[in-house]
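Visitor: I have just started learning to read protein structures. Could you walk me through this one, a few questions at a time?

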Amino acid sequence: MAAKFILQVLTANRLGDGEAVWWSADRRWSETLAGSEIAHDADAAAALEAIGKAAHAANLVVDVNLIDVELADGVIVPLRLREKIRAAGPTIRPDLGKQARPAAARAA
Amino acid sequence: MYRYDEFDRDFVNARVAEFSDQARRRLRGEISEDQFRPLRLMNGVYLQLHAYMLRIAVPYGTLSSRQMRMLAYIARTYDKGYGHFTTRQNLQFNWPALSDIPAVLADLATVEMHAIQTSGNCIRNVTADHFAGAAADEVADPRPYAEILRQWSSVHPEFSYLPRKFKIAVTGAEHDRAAIQVHDIGLHLKKNAAGELGFAVYVGGGQGRTPMIAKKIRDFLPERDLLAYTTAILRVYNLHGRRDNKYKARIKILVHETGTEELTAWVEKEFAELRDTELALPAEDVKKIEAYFAPPALADRPEGWGALAAAQRADEAFSAWVRRNVTPHRHPDYACVTISLKGIGEVPGDATDAQMDAVADIAEELAFDEIRVSHEQNLVLPHVARADLKAVYDRLVAIRLETANAGLVTDIIACPGLDYCALANARSISVAQDISIRLGDQKRQEEIGELKIKISGCINACGHHHVGHIGILGVEKKGDELYQVTLGGSGDEVTSIGDIVGRGFTAAEIGGAIETVVDTYLGLRAAKDETFLQAYRRVGLAPFKEALYGSEAKAA
């Protein structure tokens, strides 16, 4: 049996201000992880990767990466702490970053 | 302090214009990220987890009030109302938009500041003793030489693409507060028997994944030969340093692999050819630079002694602050004041825009307009009359910067770690906060005495963990943070690299483990004045292993 595919989403930082962004299911770069397009298999991951490459080449985003996630009660949760912190903001400053914004706070 | 001449001003303004154009073209998509990345790094612009980061050079850690106010203004206008003072005496802003950075650099240029050479494989900001020009134990102010090195190394055509970054530190006192033995070049300014100034030269120190203590390759280099000898070292490094492996590219590896004797011979050979060239420092040029660093006119203020004693008797908190944060000045009526940026449970090195403005005001009114940034991530007012200490303290209380913990267990160095840094594997700041809260009781801290804890969130060691009396290194293991503890490191004139105590601790365990180490020390010290480091050097790892791991340690 093939190894279980680890879910992935596409992330980057926006060129102009460096804001962390994710490729969303409604096909735009979103400032929140919630609503990201999830790759459930290798083909979908390759498609996301192509979107990332194109966006990088179009100078919309930098530092493009596919990251591993899981679904917990329907909520996308990154596997690595690094990506959890990127999605929320500094753990030591809950008043800063996405965690301080109402939309992200609701989604969390 | 040093003031830009016309050449400096034109040079910095030209660089601002150049980078503004590069950023504009990048934002329009006319140049790619691969093309732009090295350009932005040359100007101190990094990309971190949440945003860009701008690292601003504070040459040898010296700031005027005007410059500090500009940093406050930038924090307020372009960032999120605070800045982070680093272990290299620099300042970092964590949230600037790339599109704003040209304006930030233009504002900085108006107060003679920039971000040039705060990244890249070049000679970085030259660091110095934060009490330079003021300390009672100093032979001479090292900053004029740091400034000469800054001018010489700025966009030096031969040394702008070295195998790896290159860091120089200078001290003018026997007691080394600049950690010169863990720098690529460490310079100890001193006098010879004839009373002439010169330098002991150390080469090949560094931390990172391969910590090394620098080797002394010259006991006394005459002042006039500073640039010729430094050039000789850099030339040897540029030629022989490894470029095939990033992790073996620092000069420490070259020194280690070549051997001190042979490397010294190479340097001396180059030096022989360079010493009587235009690199020899003319005495009149040194004097000219020295004049910029002339100490302020310090009038005798003997009334301070009585006033201070009375104020200390009346206020125990003030008294504790004087005990910890006040250091002897070469003028007996004055003192050097450490402004702790290590409030109990707060982020080491962070200051708000309002705090920066207030410190600038205090410095202007009560401290001869001079501020220093220490590599221990605190601020320093180098010249304060003893008679004014209470007034300075009261104003620090008003901005919550009166923590009386300089050199104590809560005066922790911590890199930004995984809360901000793209290279980090684990958080550092949260660990510092945890330890600070656990050990923050003033009486307990003073009972523990001098103890330097230093924390890095990855092996690059920006948090100087290798030279912490207690060092903490965060790593990632199976997706979780794990913290490795080292004991017995030191970054002063008797430099040592800490010893790894054993298996690591989780984020939940590390604070308790550090408390165990501290309690073990308190239980075994020979006398109340035997510091942690002295005790460790006497007893070694064993009692700490036993306390941390118990029967597990015996089995191992």
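Visitor: Which residue stands opposite V201(B) in β10(B)?

Guide: Good place to start, and keep in mind that this is a predicted model. Strand β9 of chain B covers residues 197-203, and β9(B) and β10(B) run antiparallel, joined by five bridges. In β10(B), the residue opposite V201(B) is R218(B).

Visitor: Which strands of the open sheet in chain B stand at the edges, and why is one side of each left without a neighbour?

Guide: The open sheet has five strands in the order β6-β7-β8-β9-β10 (chain B), and the pairing is mixed. In general, strands of a sheet pair through backbone hydrogen bonds, either parallel or antiparallel. An edge strand has a single partner strand, so one side of it has no neighbour in the sheet. In chain B the edge strands are β6 (127-128) and β10 (215-222).

Visitor: Which residue forms a salt bridge with R275(B)?

Guide: As a general idea, side chains of opposite charge can pair when their charged atoms come close. R275(B) lies in the loop between α8 (260-274) and α9 (283-292) of chain B, and its partner is in the loop between β10 and α6 (226-240) of chain B. The pair links distant parts of the chain, 50 residues apart. With the closest N and O atoms 3.2 Å apart, the partner of R275(B) is D225(B).

Visitor: How far apart do the C-alpha centres of domain 2 of chain B and domain 3 of chain B lie?

Guide: Chain B is divided into four stretches: domain 1 (6-109), domain 2 (135-292), domain 3 (303-398) and domain 4 (413-555). Domain 2 of chain B gives six residues to its contact with domain 3 of chain B, which gives seven. The C-alpha centres of these two domains lie apart by 32 Å.

Visitor: Which residue forms a salt bridge with R143(B)?

Guide: The rule finds one salt bridge across the interface of domain 2 of chain B and domain 3 of chain B. Three residue pairs are in polar contact between these two domains. In the salt bridge with R143(B), the closest N and O atoms are 3.3 Å apart, and the partner is E370(B).

Visitor: How much area do chain B and chain A bury between them?

Guide: This contact takes 30 residues from chain B and 24 residues from chain A. In chain B, L47(B), L49(B) and H50(B) lose the most area to chain A, together 23% of what that side buries. Carbon and sulfur atoms carry 59% of the area buried between the two chains, which is about 2,200 Å².

Visitor: Which residue of chain A forms a salt bridge with E476(B)?

Guide: Between chain B and chain A there are eleven residue pairs in polar contact. The rule finds one salt bridge across this interface. With the closest N and O atoms 2.9 Å apart, the partner of E476(B) is R80(A).

Definitions and conventions: Residues numbered from 1 in each chain as written. Chains lettered and ligands numbered in written order. Predicted model: local features only at pLDDT ≥ 70, side-chain atom pairs only at ≥ 80, totals over all residues. Heavy atoms only, no water. Domains from an automatic or database assignment. Contact = heavy atoms within 4.5 Å. Salt bridge = Lys/Arg side-chain N within 4 Å of Asp/Glu carboxyl O. Polar contact = N/O pair within 3.5 Å; in protein donor to acceptor, adjacent residues only side chain to side chain. Pairing = 2+ DSSP bridges. Helix = DSSP H or I, 4+ residues; strand = E, 2+ residues; numbered from the N terminus. Buried area = accessible area lost by both parts, 1.4 Å probe.
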